[in-house]
Amino acid sequence: MYAVIATGGKQYKVAVGDVIRVEKLGAEEGAAVSFDKVLLIGGDELTVGKPYVDGASVKATVTKNGKGKKVIVYKYKRKTGYHKKNGHRQLFTEVKIDEISK
């Protein structure tokens, strides 16, 4: 059984036991979180939501909070001497999927 959930402006295909990195949720490590925006549930039969599946949820446990790899943003305009270098590290929450319920 698998599900497609929406969180942090992105969609993720998850199954029980998967570990995924999502945008920062603001939950402590070891806390239980629930994703209610379930777009699709697959397995023996396919259930598609309009836009979400009614009464469906995906329960997960937070395993880690952290920062991703540094992304370098470099702006440059030729012939003017304009150089701008900036870095960014995106915050993430790593969750382990425990249960998918309809």
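A residue counts as exposed when its relative accessible area is over 50%. In this predicted model, lysine 79 has a relative accessible area of 77% and is therefore exposed. Lysine 79 sits in the loop between S8 and strand S9 (82–88). Its phi is positive, about 70 degrees, although lysine 79 is not a glycine.

## A cis peptide bond

The peptide bond that joins lysine 50 and proline 51 is cis, with omega about -5 degrees. Proline 51 belongs to the loop between strand S6 (47–48) and S7. Most residues other than glycine have a negative phi, and most peptide bonds are trans.

## Serine 57

Strand S7 (residues 57–67) includes serine 57. The relative accessible area of serine 57 is 10%, so this residue is buried. Its side chain makes a polar contact with the side chain of lysine 59 at 3.3 Å. Leaving aside residues up to four places away in sequence, serine 57 touches Ser34, Phe35, Asp36, Val38, Glu99, Ile100 and Ser101.

## Nonpolar core and surface patch

The largest nonpolar core has 19 residues, of which Val14, Val38 and Val58 touch the most other members. Among the elements that give two or more residues to this core are strand S2 (10–15), strand S5 (38–42), S7 and strand S10 (91–101). Valine 14 touches Tyr2, Ala3, Ile5, Ile20, Val58, Ile97 and Ile100, again not counting residues up to four places away in sequence.

On the surface, Ile72, Tyr74 and Tyr76 form a nonpolar patch, with about 360 Å² of accessible area together. Tyrosine 74 is located in strand S8 (residues 71–77).

Notes:
Residues are numbered from 1 along each chain as its sequence is written. This is a predicted model: local features need pLDDT of at least 70, side-chain atom pairs count only at pLDDT 80 or more; totals for chains, interfaces and linings use all residues. Side-chain values use heavy atoms; hydrogens and water are left out. Helices (H or I, at least four residues) and strands (E, at least two) are DSSP runs, numbered from the N terminus. Buried means under 20% relative accessible area, exposed over 50%, partly exposed in between (1.4 Å probe, protein chains only). A polar contact is a pair of N or O atoms within 3.5 Å; within protein, one must be able to donate a hydrogen and the other to accept it, and residues adjacent in sequence count only if both atoms are side-chain atoms. Contact means heavy atoms within 4.5 Å. Patches are made of residues with over 30% relative accessible area and no salt bridge: like charges are joined within 9 Å, nonpolar side chains (Val, Leu, Ile, Met, Phe, Trp, Tyr) within 5 Å. Accessible areas come from the Shrake-Rupley method with a 1.4 Å probe; for residues, only the protein chains shown count as cover. A salt bridge is a side-chain nitrogen of Lys or Arg within 4 Å of a carboxyl oxygen of Asp or Glu. A nonpolar core is a set of buried Ala, Val, Leu, Ile, Met, Phe, Trp, Tyr and Cys residues joined through side-chain atoms within 4.5 Å.
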